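Visitor: Could you walk me through this one? I'm new to reading structures.

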Amino acid sequence: MLKKILLAVAVTFGLAASAQTVKIGLVDINSVIGAMPETTAAQQKIQETQTKYEAEYTKLGEELQKQYTELQNMPETELPAIRERKTKAFADNQQKLQAFEQQVMQDLQKLQNDLMAPIIQKCQSAIESVGKEGSYTLVQALDPQTVFYYSSPAEDITPLVKTKLGLK
């Protein structure tokens, strides 16, 4: 008898648990972050830095091209020690240019990470806030290019997040 009562209670609780509704929110993070003014400022800073690096890279490349042309135009009768010194200088500068290129890529990546981290954190805080206020069970990133289907339990909360951030 006790087993039947416990079984009835367990079934009742199981049905009650399955009757709870799951509320799912979807947010297009790229759309939200793209609409934030901080993103525009960060992109401008990254572009300015990239332009400065490109100017320096072009200058170094032109110097390397000048050395290469000088080596190509060197007469066959040039003393071997001079030819060797110029060839070594060219090879060294070529390696320096490659090292500079790698350092630039690392610097730009670090700059982008540093500038975007607070923007992403602000967006995440707004998403969490909207999720709590709307009693969402789950909020998931929505990638409009890869979503094939979602049904009524899922709701696009991108406009709510943008409103929370004061965006249009």
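Guide: Let's start with some words. Buried means a relative accessible area under 20%, exposed means over 50%, and partly exposed is in between, using a 1.4 Å probe and protein chains only. This is a predicted model, where local features need pLDDT of at least 70, side-chain atom pairs count only at pLDDT 80 or more, and totals for chains, interfaces and linings use all residues. Residues are numbered from 1 along each chain as its sequence is written, and side-chain values use heavy atoms, with hydrogens and water left out.

Visitor: In what order do the elements of the protein chain run from the N terminus on?

Guide: Helices (H or I, at least four residues) and strands (E, at least two) are DSSP runs, numbered from the N terminus. The protein chain has five helices and three strands. Reading from the N terminus, the order is α-β-α-α-α-β-β-α.

Visitor: What share of the residues of the protein chain counts as buried?

Guide: Let's take the surface before the inside. The chain exposes about 12,500 Å² (Shrake-Rupley method, 1.4 Å probe), and carbon and sulfur atoms supply 58% of that area. Of the chain's 168 residues, the buried share is 21%.

Visitor: At what angle do H3 and helix H4 pack?

Guide: Two packed helices are described by the angle between their axes and the distance between the axes. Axes are lines fitted to C-alpha atoms, for helices over the stretch in contact, and angles run from 0 to 180 degrees between N-to-C directions. H3 covers residues 37-72 and H4 covers residues 80-133. Their axes are 10 Å apart, and the angle is about 175°.

Visitor: So are H3 and H4 roughly parallel or antiparallel to each other?

Guide: Angles under 35 degrees count as roughly parallel, over 145 as roughly antiparallel, 65 to 115 as roughly perpendicular and the rest as oblique. The H3 and H4 angle is about 175°, so the two helices count as roughly antiparallel.

Visitor: Which residues does Thr 49 touch, not counting residues up to four places away in sequence?

Guide: Thr 49 sits in helix H3. With a relative accessible area of 19%, Thr 49 is buried. A contact means heavy atoms within 4.5 Å. Leaving out residues up to four places away in sequence, Thr 49 touches Leu 108 and Leu 111.

Visitor: Is Thr 39 buried or exposed?

Guide: Thr 39 is in helix H3 as well. Not counting residues up to four places away in sequence, Thr 39 touches Ile 33, Met 116 and Ile 119. The relative accessible area of Thr 39 is 3%, so this residue is buried.

Visitor: Which residue forms a salt bridge with Glu 38?

Guide: A salt bridge is a side-chain nitrogen of Lys or Arg within 4 Å of a carboxyl oxygen of Asp or Glu, and the whole structure has five. For Glu 38, the closest N and O atoms of the pair are 2.5 Å apart, and the partner is Lys 122. Glu 38 belongs to helix H3 and its partner to helix H4, so the pair ties together parts 84 residues apart in sequence.

Visitor: Is Glu 133 buried or exposed?

Guide: Glu 133 and Lys 164 meet through their side chains in a salt bridge (2.6 Å, N to O). Glu 133 is in helix H4 and Lys 164 in helix H5 (residues 158-164), distant parts of the chain, 31 residues apart. Lys 164 is partly exposed at 38%. Glu 133 has a relative accessible area of 54%, so Glu 133 is exposed.
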